[in-house]
Amino acid sequence: MTRRDDQRTGAVRLAATFLRVGVMNEVQYRINFFIQLVQSLLTIATGLTALALVFSHTDELGGWTKPQLLAVMGVFTMVGGLIRTVIQPNMQRVVEDVREGRLDFALTKPADAQVLVSVRDVRFWQLTDVIVGLVVLIVALVQIGDSVSARDLAVFIGVLLVGLVTIYCFWLMLASASFWLIRMNEVQELFDGIYRAGQYPVGIYPGWLKYGLTFLVPLAFAITVPSEAVTGRLTWQAVAVAGATTVGMIVFSRWFWRRGLRRYDGASA
Amino acid sequence: MPTEPVVVVEQLGKVFQVPVREPGLRASLKSLLHRETRAVVAVDAVSFRIEPGEVVGFLGPNGAGKTTTLKMLAGLLHPTSGNCSVLGHEPKGRPAALLRQITLVMGNRNQLQWDLPALDSFELNRAIYRIPRADFLRLRDELIELLELQTLVDKPVRNLSLGERMKVEIAGSLLHQPKVLFLDEPTIGLDITMQKRIRSFVADYNKRYGATVMLTSHYMADVQALCKRVIVIHHGRILFDGALASLAERFSLDKTVTVRLADGEEIKVNAPRGEIAAATGKLLAENDVVDLTIEDAPIEDVIERLFESEPAK
């Protein structure tokens, strides 16, 4: 096994251990499951009400029918849940650790620092959003009526994962910015605010916003593209753009993170 | 058999660029456009060597450069000048081969997962350091025994007291059997009993495993209990490097007499040990004293004196 392979399996094993321990621990706090479930249901109810309101005036929105938009809402809720389960808690902790000087501990470990800070926390019960979102998605697909083939499903899962990676990269860049800015308390609210835009397909927004939500904050790849995959609207061009952007973001975010670390090496007292 | 020193530090220096800003709104706005920085020398051309198995005390007041030096040795800060090496590795760039053999404990910060029982955090450390299971279990149970953690390790860390947390923290940072321990103020904020407990553990650990220990503290008692050798650092420079005994001989002989008078006024007098009886007698004879204490001069004063005794370069 080459050193690089070894590093990669090391990263996977590390992530698996943290995930296992985190889940074991969270499962003890069962009351959180119910609190989160109620919250998920409330959020989806608000979303559905808004959607009903839109469709009381029109039959379609930017070329998307009502059940198709319902599918988008399902994916939006699922992806939001996944972000809050594994991405957001870890990245917020980086911001806190930088501010409070606790990042030192992650850096004195013989593991890749980026991997280590990305797997330390898991908010297991946020997965209620994934369940609720999945139910909404299934309902939407039943309403659309076209059968979803195994191939569609595989593509859906594939582009969903790619989309999550882009969101992770985006969050990593946000978190890395804290090496320069130090005070980034509101960054989560900022992200949540922008994320809300993802409950509609980005195609319905005006040009500048559409590009912003695609390449600046990559909601298009995380939500719209997977939604297209299960509603028969996906083009191969979109997949290619998503793939290329993801590779670019992985490289760039890692570079940015390392630059931030170098600054930390030089400046922290 | 000749052995290589574990830590080699040569002319090591660290300068921080600190933003300066006058108070007030106008100055704040000005600094938005043009940021002025000032160079602060935290560590200034420091050199020393530490041999395997040594326990060295790094002594100095707050802001003396102790932690900065330690952080450079642990690879967390890059030196601005000079060199250092630990176990033959340059810490800059944090090579995994080095990180596997060292550990860093900071008294005022904790690294165990806050909401998890320590046992789970230990498990995570096992994954990070890739410790073989058998070794891990043996050492874990040994540390639990030595530090008397039996009733503590299955509670979430947040439910532990400060001292308990520190003990658990130390156990967690030793699971990979590091050859070099960097302990930054490990007893800060702890009560006397717990301080003693931790000191005696570090001493035992050093004997048992032959690990090299570098300990910073501003408690003289820590250093007295643990270290044969001390390095005194002040304003980023080494003022003293040698046997603890000779430091005490030269500088710690002062005692402070504090008397409280009937009218509530307090008088403090510093005097060398030999003259303390005379000084106290004089104080008692000349004043209407209601209370009297005699204590060793605080370490800050001792170091201040040490600093004054060395002409500034």
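How many residues does the contact take from chain B and from chain A? The contact takes 30 residues from chain B and 30 residues from chain A, where contact means heavy atoms within 4.5 Å.

This is a predicted model, in which local features need pLDDT of at least 70 and side-chain atom pairs count only at pLDDT 80 or more, whereas totals for chains, interfaces and linings use all residues. Residues are numbered from 1 along each chain as its sequence is written, chains are lettered from A and ligands numbered from 1 in the order in which they are written, and side-chain values use heavy atoms, with hydrogens and water left out.

## Where the chains meet

The size of an interface is often given as the accessible area lost when the parts come together. Between chain B and chain A the buried area, that is, the accessible area (1.4 Å probe) that two parts lose on being put together, summed over both, is about 2700 Å², and carbon and sulfur atoms give 57% of this. On the side of chain B, the residues that lose the most area to chain A are B:Leu76, B:Ile128 and B:Arg130, which together account for 20% of what that side buries.

The rule finds 1 salt bridge across this interface, a salt bridge being a side-chain nitrogen of Lys or Arg within 4 Å of a carboxyl oxygen of Asp or Glu. B:Lys71 forms a salt bridge with A:Asp104, with the closest N and O atoms 3.0 Å apart. Helix α4(B) gives the most to the side of chain B that touches chain A, with 7 residues; helices (H or I, at least four residues) and strands (E, at least two) are DSSP runs, numbered from the N terminus.

## A salt bridge within α4(B)

The side chains of B:Glu123 and B:Arg126 also meet in a salt bridge (3.2 Å, N to O). Because these two residues are 3 residues apart in helix α4 of chain B, B:Glu123 and B:Arg126 are separated by about one helical turn. Over all chains, the count comes to 22 salt bridges by this rule.

## Two helix pairs

The table gives the packing of two helix pairs, with axes as lines fitted to C-alpha atoms, for helices over the stretch in contact, and angles running from 0 to 180 degrees between N-to-C directions.

| Helix pair | Angle | Distance between axes |
|---|---|---|
| α6(B) (residues 162-172) and α7(B) (residues 192-209) | about 10° | 10 Å |
| α7(A) (residues 150-181) and α10(A) (residues 219-230) | about 175° | 7 Å |

The helices α6(B) and α7(B) are therefore roughly parallel to each other, while α7(A) and α10(A) are therefore roughly antiparallel; angles under 35 degrees count as roughly parallel and those over 145 as roughly antiparallel.

Key: Parallel < 35°, antiparallel > 145°, perpendicular 65-115°, else oblique.
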